Amino acid sequence: MRADKHTAVEKFRKDYNCCQAVACAYCVELGIKEADMFKLTEGFGSGMGGLKDTCGAAVGMFLVISLANSAGNMENPKATKSDTYGRILEAAEEFKKRNRSLYCRELKTEEGSQPLACCIKCVEDAADILDKYFRRDS
């Protein structure tokens, strides 16, 4: 993968939301237009559209894993589903180990305008986990 955690953080600093920053960092490698990914992930920042639920950086990480791992076999939807779920659970556990939670309301430890340091850390950690994921499968 050519993208890395630095690419994701750079996008976050350019006002992409946390989900957009992580997912858009891997568009070239996934064969997805960045403009399409940007639009698809717009509503998933700030804990799922501002709900402070699942961290947008984690959601972006899950989306990338799903796109990279899925066989896309609509005739046999279960072909890779179990493996993809397992990989997402593994990534979620690593994210929680690093950040103690998956929930924006627990991760956002400071107030103010973005980019907040706590959010940068989540974006960086999600992308770092992806970097390790892709190196493992190379």
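Visitor: Why is Asp-128 called buried?

Guide: Buried means under 20% relative accessible area, exposed over 50%, and partly exposed in between, with a 1.4 Å probe and protein chains only; Asp-128 has 13% relative accessibility, so Asp-128 counts as buried. This is a predicted model, in which local features need pLDDT of at least 70 and side-chain atom pairs count only at pLDDT 80 or more, while totals for chains, interfaces and linings use all residues. Residues are numbered from 1 along each chain as its sequence is written, and side-chain values use heavy atoms, with hydrogens and water left out.

Visitor: Where is Asp-128 found, and what is Asp-128 in contact with, leaving aside its neighbours within four places in sequence?

Guide: Asp-128 belongs to helix α9, residues 117–136, where a helix is a DSSP run of H or I with at least four residues, and a strand a run of E with at least two, numbered from the N terminus. Taking contact as heavy atoms within 4.5 Å, and setting aside neighbours within four places in sequence, Asp-128 touches Lys-5 and Arg-98.

Visitor: What makes Tyr-16 and Phe-38 an edge-to-face aromatic pair?

Guide: Rings of Phe, Tyr and Trp (its six-membered ring) pair if their centres lie within 6.5 Å, and planes under 30 degrees apart count as stacked, over 60 as edge-to-face and the rest as tilted. The rings of Tyr-16 and Phe-38 are 5.0 Å apart centre to centre, with 80 degrees between the planes, and the pair is edge-to-face. Tyr-16 lies in the loop between α1 (5–13) and α2 (18–24) and Phe-38 in helix α4 (residues 34–41), so the pair ties together parts that are 22 residues apart in sequence. Tyr-16 is buried because its relative accessible area is 19%, whereas Phe-38, at 28%, is partly exposed.

Visitor: Which residues touch the most other members of the largest nonpolar core?

Guide: A nonpolar core is a set of buried Ala, Val, Leu, Ile, Met, Phe, Trp, Tyr and Cys residues joined through side-chain atoms within 4.5 Å; in the largest one, with 40 residues, they are Tyr-26, Ala-57, Met-61, Phe-95, Val-123 and Leu-130. Helix α9 gives the most to this core, with 11 residues.

Visitor: How do you know that the radius of gyration agrees with a compact globule?

Guide: The radius is taken over C-alpha atoms, and the globule rule is 2.2 Å times the number of residues to the power 0.38. For 138 residues a compact globule would have a radius near 14 Å, and the chain has 14 Å, so the value agrees.
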